[in-house]
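Q: I'm new to this one. Can you walk me through it?
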Amino acid sequence: MADVAAKERKILVAVDESEESSYALSWCIENIITGNSNDTLILLYSIPPRVVYSTLDGTGEKDHPEGYLFSSDILATMERYSSEVAQCVMEKAKRACEALNGVKVETIVEHGDARDVICQAAEKLHVDLLVMGSHGYGVIKRAFLGSVSNHCAQNVKCPVLIVKKPKTDGRSK
């Protein structure tokens with residue numbers, strides 16, 4: 001039988017600081033990525049937008065009733081913190097990928113709503129698969145917060161794998 005070169009796949013994994021995200025990445029590494037494959041694993045983190053406004057922009061509370069007014073120093077500190085969180089998440093995700101042979105690992109950090117960032121990245125990069133964790137929000141939380149995984153599953157053109165972290169019941173075996 002002739003050797004057939006393994007198809008080079010681009011697999012996008014949405015990561016954040018949650019346990020569900022870490023579990024989805026680990027599951028992907030163990031179950032999707034094959035040893036010595038030619039796959040490219042793209043780790044994507046979205047820095048969420050903040051609903052804050054500088055007091056220096058000349059607008060008042062009446063113009064932005066849903067926002068908060070902060071000085072430029074506080075805004076800079078918040079921006080630094082967001083970047084540090086993104087860096088920590090990416091370093092942890094890259095460490096999880098260290099044992100992969102022949103797999104290229106790329107990282108992308110974007111600013112914006114995770115739903116939009118993930119969908120846009122999947123389309124722009126022409127990925128073969130999107131892998132993401134599920135936070136397992138109940139009906140009420142999902143109604144208010146929206147489900148990122150559900151939104152992506154409905155709007156991304158490639159296959160979407162939503163990995164649910166098994167629930168533990170707290171009992172020892």
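Q: Among contacts between residues at least 6 apart in sequence, what share join residues at least 24 apart?
A: The share is 76%. Keep in mind that this is a predicted model.

Q: OK. How many helices and strands does the protein have?
A: There are five helices and seven strands.

Q: In what order do the elements run from the N terminus on?
A: The order is β-α-β-β-β-α-β-α-β-α-α-β.

Q: And what percentage of the residues count as buried?
A: The protein has 173 residues, and 34% of them count as buried.

Q: Let's go inside. How many residues are in the largest nonpolar core?
A: That core has 24 residues. Ile-11, Val-13, Leu-41 and Leu-43 have the most contacts inside it. Two or more residues each come from β1 (10–14), α1 (19–31), β2 (40–47), α2 (72–96) and β6 (129–134).

Q: Which element gives the most to this core?
A: Helix α2 does, with five residues.

Q: Back to Leu-41. What does Leu-41 touch, beyond residues up to four places away in sequence?
A: Quite a list. Leu-41 touches Ile-11, Val-13, Leu-25, Cys-28, Ile-29 and Ile-33, among others. The list also includes Cys-97, Leu-100, Val-103, Lys-104, Val-105 and Glu-106.

Q: Which residues does the second, separate core include?
A: The second core has 17 residues, including Ala-14, Ala-122, Cys-152 and Cys-158.

Q: Now Leu-129. Where does Leu-129 lie, and is it buried or exposed?
A: Leu-129 lies in strand β6. Leu-129 counts as buried, because its relative accessibility is 15% and the cut-off for buried is under 20%.

Q: How far apart are Leu-129 and Val-13 in sequence and in space?
A: They are 116 residues apart in sequence. In space, the C-alpha to C-alpha distance is 8.5 Å.

Q: Switching to helix packing. At what angle do α3 and α5 pack?
A: Helix α3 (residues 114–125) and helix α5 (residues 148–155) pack at about 35°. Their axes are 9 Å apart.

Q: Is the crossing of α3 and α5 left-handed or right-handed?
A: α3 passes α5 in a right-handed crossing.

Q: Which residues make the contact?
A: From α3, they are Ala-114, Arg-115, Ile-118 and Cys-119. From α5, they are Val-148, His-151, Cys-152 and Asn-155. By class, the contact has five nonpolar, two polar and one charged residues.

Q: Still on α3: is Glu-123 buried, partly exposed or exposed?
A: Glu-123 is found in helix α3 and counts as partly exposed, at 48% relative accessibility. Its C-alpha is 7.2 Å from that of Lys-157, 34 residues apart along the chain.

Q: And His-126: where does His-126 lie?
A: His-126 lies in the loop between α3 and β6. His-126 counts as exposed, at 63% relative accessibility. Its phi is near 55°, a positive value in a residue other than glycine.

Q: What is Ser-82 in contact with, leaving aside neighbours within four places in sequence?
A: Ser-82 is in contact with Ile-47 and Arg-50. Ser-82 is in helix α2 and is buried, at 8%.

How values were computed: Residues are numbered from 1 along each chain as its sequence is written. This is a predicted model: local features need pLDDT of at least 70, side-chain atom pairs count only at pLDDT 80 or more; totals for chains, interfaces and linings use all residues. Side-chain values use heavy atoms; hydrogens and water are left out. A nonpolar core is a set of buried Ala, Val, Leu, Ile, Met, Phe, Trp, Tyr and Cys residues joined through side-chain atoms within 4.5 Å. Buried means under 20% relative accessible area, exposed over 50%, partly exposed in between (1.4 Å probe, protein chains only). Helices (H or I, at least four residues) and strands (E, at least two) are DSSP runs, numbered from the N terminus. Contact means heavy atoms within 4.5 Å. Axes are lines fitted to C-alpha atoms, for helices over the stretch in contact, and angles run from 0 to 180 degrees between N-to-C directions. A crossing is left-handed if the near helix is turned anticlockwise from the far one by less than a right angle, and right-handed if clockwise. Ala, Val, Leu, Ile, Met, Phe, Trp, Tyr, Cys and Pro count as nonpolar, Asp, Glu, Lys and Arg as charged, and the others, Gly among them, as polar.
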